[in-house]
Amino acid sequence: MEQFICNSCGNKHDLTPTLWKCECGGVLNIVKDTPKVNRAAWNTYPNSLWRYFETMPFAKDSKTWESVTMGEGQSPLILLDPMEPNRYVKVEYMMPTLSFKDRGAVVLMTKAKELGVSKVIADSSGNAGTAIAAYAARCNIACDIYLSDETSPKKIAQIKAHGATIKEIRGTREDIAAAAQKAVDEEKVFYASHVYNPYFYEGTKTYAYEIFEQLNGVPDALIIPVGNGTLLLGAYYGFNELFENGLIDKLPKIVAIQAKNCAPLVKAYQNGEESAQSVTNRGTLAEGIAIAAPARSKQILEAVRHTNGTFIDIEEDEILSARAKLSEKGFYVEVTSAVNYAGYLKYKKAPDEKIIIPLCGAGIKSK
C-alpha cells in the first residue's frame with residue numbers, strides 16, 4: 001500500500017483519493033526510498049519527461065501515463081547570450097499548456113486516474129489551474145478550478161477551453177485556497193493541489209534530470225522563482241536523487257527569487273527562521289508567485305540552505321525592465337517569469353559560474 005508521511009509530526013497515512021493533509025495540519029510527503037537511477041532505461045521511453053518514469057513512485061508495469069501524456073518535458077536549454085558561454089535559459093513555456101506546471105500536472109493527474117478519481121478540485125493563480133484542467137480533460141475527469149476574480153482573462157479563457165468549471169473568488173490567494181479546500185472536504189473529492197499533493201513534485205523533479213542530460217553534468221547555480229515552491233522543491237529533489245546515485249558530485253546552489261511586495265521566504269531566510277510567517281501581499285505584477293503563506297516554507301528554506309543558496313527580492317520596476325530585456329533577446333515571457341531574469345541580473349555571480357534560468361510561462365498568458 002502506498003503511503004504518505006507528515007512533514008510535521010511524522011505520522012504515516014495510507015494513500016486515499018481524499019487525503020490531502022495530516023490531521024495535525026502538516027503537509028504530506030511520499031514514503032519511498034531514493035530511486036535507483038538506471039540511465040540505460042531512459043531511451044526505452046518516449047523523449048518526454050516520462051523518460052524518467054522508473055524514478056517515479058508508480059508500479060513498474062503501469063501504463064496509465066501513456067493515455068495522459070501530451071509530450072510534455074524536454075524543454076530546450078539555450079544560451080542566453082552567445083557572448084556569455086555559461087549562462088542558459090531553459091524554455092519551460094514550450095509545454096502543452098505553455099508553462100512548467102505541466103510537469104507536475106501530468107504526473108498528478110496520472111495518479112488520480114490510477115486511483116479511479118471522477119472529479120478533482122484545484123486552486124491556482126492561473127498556470128497550475130490551466131495544466132490541471134488540460135490533463136483532467138485527457139483523463140475524462142471532472143474539474144473545478146478556484147481562481148482569483150482578478151486572474152488574467154487569457155488564463156481564464158484557457159482553463160474554460162479545457163472544459164473545467166471556474167470558481168472565481170474575491171480575496172487573497174490564501175482565501176482562494178481555503179475556498180477550494182472547503183469544497184474538497186465537503187464534496188469528498190480529490191484535491192489536485194500543486195502545493196499539497198507530493199505527486200506534483202515527482203513531475204517537477206524531471207526539470208533536474210533534463211538539465212543533467214542536457215549539460216552532461218550539473219550547473220553551479222539554479223535561478224528559481226518561488227511562491228509555493230513547486231519548481232524549487234522539484235529541482236532540489238531531482239538533483240538530490242542524482243547525487244545520491246553518484247551521477248553528480250555536488251548539488252547546484254539554489255538562488256530563490258521573490259517579488260519584494262510579497263516575500264515571506266526572503267524575510268524568513270534573512271531572519272534565520274525555520275519556516276516563514278504569513279505576510280501581507282502588498283500587490284505585485286508577479287501574480288504567479290504572490291504567495292503570502294507558503295505551506296511548504298520549511299522544506300523550501302531547508303532546500304536553499306542545504307545547497308548554500310540564497311534568496312533575492314525584486315522590485316516591481318525591475319520585473320518590467322527584465323521582461324523587456326528578455327524580449328529583446330527573443331524570449332517573450334509572462335510577467336511572473338521576468339522575476340527570474342531580474343534575479344539573475346541582481347545575483348552576485350562569478351564570471352565562469354554555470355547558471356540556468358527557467359522561462360516558466362509564455363508571454364501571451366499575461367494580461
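The protein chain has 367 residues, and a compact globule of that length would have a radius of gyration near 21 Å; the chain has 19 Å, which agrees. That radius is taken over C-alpha atoms, and the globule rule is 2.2 Å times the number of residues to the power 0.38. This is a predicted model: local features need pLDDT of at least 70, side-chain atom pairs count only at pLDDT 80 or more, and totals for chains, interfaces and linings use all residues. Residues are numbered from 1 along each chain as its sequence is written, and side-chain values use heavy atoms, with hydrogens and water left out.

**Overall build**

The C-alpha trace spans about 55 × 50 × 40 Å along its principal axes. The protein chain has 12 helices and 13 strands. These are DSSP runs numbered from the N terminus: helices are H or I with at least four residues, strands are E with at least two.

Of the 367 residues, 60% count as buried. Buried means under 20% relative accessible area, exposed over 50%, and partly exposed in between (1.4 Å probe, protein chains only). The accessible surface comes to about 14300 Å². Carbon and sulfur atoms hold 48% of that surface. Areas come from the Shrake-Rupley method with a 1.4 Å probe; for residues, only the protein chains shown count as cover.

Contact means heavy atoms within 4.5 Å. Among contacts with a separation of 6 or more, 70% join residues 24 or more positions apart.

The chain carries 42 positive and 43 negative charges, and their mean positions are 1 Å apart. Lys and Arg count as positive, Asp and Glu as negative; His and the chain ends are not counted. Each charge is placed at NZ of Lys, CZ of Arg, CG of Asp or CD of Glu.

**Cysteines**

The structure holds 0 disulfides. A disulfide here is a pair of cysteine sulfur atoms within 2.5 Å. Two cysteines show the spacing.

| Cysteine | Closest cysteine sulfur | Relative accessible area |
|---|---|---|
| C143 | C139, 10 Å | 7% |
| C262 | C360, 17 Å | 0% |

C143 is too far from C139 for a bond. C262 is likewise too far from C360. C143 is buried, and C262 also counts as buried.

**Around Q299**

Q299 lies in helix α10, residues 297–306. Q299 is buried, with a relative accessible area of 6%. Which residues does Q299 contact, leaving aside its neighbours within four places in sequence? They are N7, V27, N29, L233 and Y237. P351 is 52 residues from Q299 along the chain, and their C-alpha atoms are separated by 30 Å.
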